[in-house]
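Trainee: I have a model here that I would like to go through with you, piece by piece. Pick any place to begin.

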Amino acid sequence: MVYLVIFMKRLDIVITFLLSLLLTIGVGYNGNQILVVTSSLFLALILLSSKRWLKWVVIFPIGLVATLYFQSGYIYGHPNIGIIASLLETNKRESIEFLLAVPAKVWLLNAILLVVFNYYLVKIKFVFQWHKSAILLGIVCFYFSSLSVFINHIYISSVHYIAQMKAIQKSIHQRADWTILSAKPKYKNYVLIIGESMRKDYMSAYGYPINTTPFLAHTPAILVNGYLSTASHTAVSLPRTLAISHGLDLHPVNNIITLANAAKMKTIWLSNQGFIGKYDTAVSAIAVHATEKKFLKKGNFLTNNTSDYALLPLFKQALAQPYQGSKLIVVHIMGSHENFCDRIKKDIYGLKDKDLSCYLSTYNQTDSIIKTIVNDLKTTQESYSLFYFSDHGLNNVSTVKGQTQLVHGDLYKQNYEVPLIEIASDIKQHIKVNKKISAFDFMSIFSHWIGVKTAQLPEFSIYQAPQEKSIQVLSGNQMVPFSRLKNDPDEIIKHH
């Protein structure tokens, strides 16, 4: 009997340590002090278990949130403004796609965590004669634990997200305060195609060994080699690209649409991304200012997996609309959004690595869509200019050799290194511009592109853009120098 008691106590210690480790992994803690925060949580769980009410009032609610966050934490890391925005702005279909894409081992670990957590709550209790001191020490240990770091990240991320949404909601009812000094659009038709989750190093146009972007690789165009997205998640990156922004600070009413409207252009927004409501997402709050907007999906219910090709007839109709002045047509595609195999009609590469093969096939599909749009522009026999960029890149988190799992992240350079390409009726050569340019300067590039001078923006083309040596990007909840980021270990996965 004595041995059974000793064994059970040892089992309780093992289970408590396992719980501490799984919770630390599940909240996405990946810092250098992982052993310290795990050990602190382990000691806190032991010391606070002496009082049943402490377990249920303190440990249970926080641990439950961490358990529910496990899949996101394991794959994407600790909470940040991008993850909070994605969780709140994702439609039901995208949520289901995410859950289906979670590897089996993550589900297994999550199930083990659930069982271990239940066992801890119901069965484990360590008794201390100096129980008041034990509780005080337990609280101190909890303060330095991974769950405390998790709570802090949630708080900071939520504060930033709420500030962003307040600014966006306020912008709906505001009038843009552009001071237009002159407006002389050079082209009749302007097209801005916004891509999704495409990093430039997988494009054959930027040197990737597989022919993923045959049209962009050879058509007369200007390709910027060194364009960096503002952030690593759509909901955070795009409002800071398409509106005036200085890091976390955002002025959403002064955006590309209100600027084009002020220049008397006709503005049309076509999107294959979900529209929840004009108050609900940063991107739809910008789109709502357009003269016309069409969303293929509504975000409040389980929407169809609509192909980006469905935007092409809408684009043709928009192009055919008579208008005295110049037009701006924005085409927002699903592009290379996870799950990749759901985005394409066919896996055209047939690689052993299915995830990579489908991802590369999304590149080919986007390339084909851009080609069709350019051909439609040529058919009008009117002058045109087209810009294409991606909102952010992805990085590989797979630990299995020869197998990829590309996801959102903010720790690697490739999460920010994206294409910026211009194709125009008067561009006759294929030119690569090797220059570091921040997407925080896109509004200045945009104003020059549409021929508008304003008091609010320094105006320069991608040729004239200053060579920025110390570009910062929004990583997690803070601005960090891009140069400090690591390279994705699998930055280019070669074709065998």
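Predicted model: local features only at pLDDT ≥ 70, side-chain atom pairs only at ≥ 80, totals over all residues.

Mentor: Start with residues 33-49, where the chain is 88% helix and 0% strand and the end C-alpha atoms lie 24 Å apart. Residues are numbered from 1 along each chain as its sequence is written, and side-chain values use heavy atoms, with hydrogens and water left out.

Trainee: OK, and which residues does UniProt list as "transmembrane region"?

Mentor: The unreviewed UniProt entry gives that label to residues 7-27, 33-49, 56-76, 96-122 and 134-156; the positions are in the numbering used here, feature names are shortened, and such annotations may be inferred rather than shown by experiment. Residues 134-156 are 91% helix and 0% strand, with 30 Å between the end C-alpha atoms.

Trainee: How is the chain divided into domains?

Mentor: Domain 1 covers 1-158 and domain 2 covers 179-484, with bounds that come from an automatic or database domain assignment. Taken over C-alpha atoms, the centres of domain 1 and domain 2 are 39 Å apart.

Trainee: Switching to the sheet, in what order do the eight strands come?

Mentor: The order is 7-6-8-2-9-12-3-13, in an open sheet with mixed pairing, where two strands count as paired if DSSP finds at least two bridges between them. Strand 7 (292-295) and strand 13 (430-438) are at the edges with a single partner strand each, so one side of each has no neighbour in the sheet. On average, and ignoring direction, neighbouring strands of this sheet are turned by 15 degrees against each other. Axes for such angles are lines fitted to C-alpha atoms, for helices over the stretch in contact, and angles run from 0 to 180 degrees between N-to-C directions.

Trainee: Parallel or antiparallel, for strand 6 and strand 8?

Mentor: Strand 6 (residues 266-271) and strand 8 (residues 327-332) pair in the parallel sense over six bridges, and Leu270 stands opposite Val331 of strand 8.

Trainee: And what does helix 15 lie across?

Mentor: Helix 15 (residues 354-379) lies across strand 2 (189-195), strand 8, strand 9 (384-390) and strand 12 (420-424), and runs at about 165 degrees to strand 9. Contact, here and below, means heavy atoms within 4.5 Å.

Trainee: What do strand 4 and strand 5 form?

Mentor: They form a hairpin with two residues between them, and Gly247 in the turn has a positive phi of about 70 degrees. Strand 4 (residues 243-246) and strand 5 (residues 249-255) are antiparallel over four bridges, with Ile244 opposite His251 of strand 5.

Trainee: Which residue other than glycine has a positive phi near 60 degrees?

Mentor: Ser197 is one of them, and Gln381 also has a phi near 60 degrees. Most residues other than glycine have a negative phi, and most peptide bonds are trans. Ser197 sits in the loop between strand 2 and helix 10 (214-218), Gln381 in the loop between helix 15 and strand 9.

Trainee: Why does Ser197 count as buried?

Mentor: Because its relative accessibility is 0%, and buried means under 20% relative accessible area, with exposed over 50% and partly exposed in between, using a 1.4 Å probe and protein chains only. Gln381, at 76%, is exposed.

Trainee: Which peptide bond is cis?

Mentor: The one from Glu338 to Asn339 is cis, with omega near -10 degrees, and Asn339 is in the loop between strand 8 and helix 15.

Trainee: One more spot: where does Thr230 lie?

Mentor: In the loop between strand 3 (221-228) and helix 11 (234-242), where Thr230 is buried at a relative accessible area of 0%. A polar atom of the Thr230 side chain lies 2.9 Å from the backbone oxygen of Ser237. Not counting residues up to four places away in sequence, Thr230 touches several residues, including Arg240, Tyr416, Phe440 and Leu474.

Trainee: And what joins the side chains of Thr258 and Trp178?

Mentor: A polar contact of 3.0 Å joins them; the term means a pair of N or O atoms within 3.5 Å, where within protein one must be able to donate a hydrogen and the other to accept it, and residues adjacent in sequence count only if both atoms are side-chain atoms. Thr258 lies in helix 12 (residues 256-262) and counts as buried at 8% relative accessibility.
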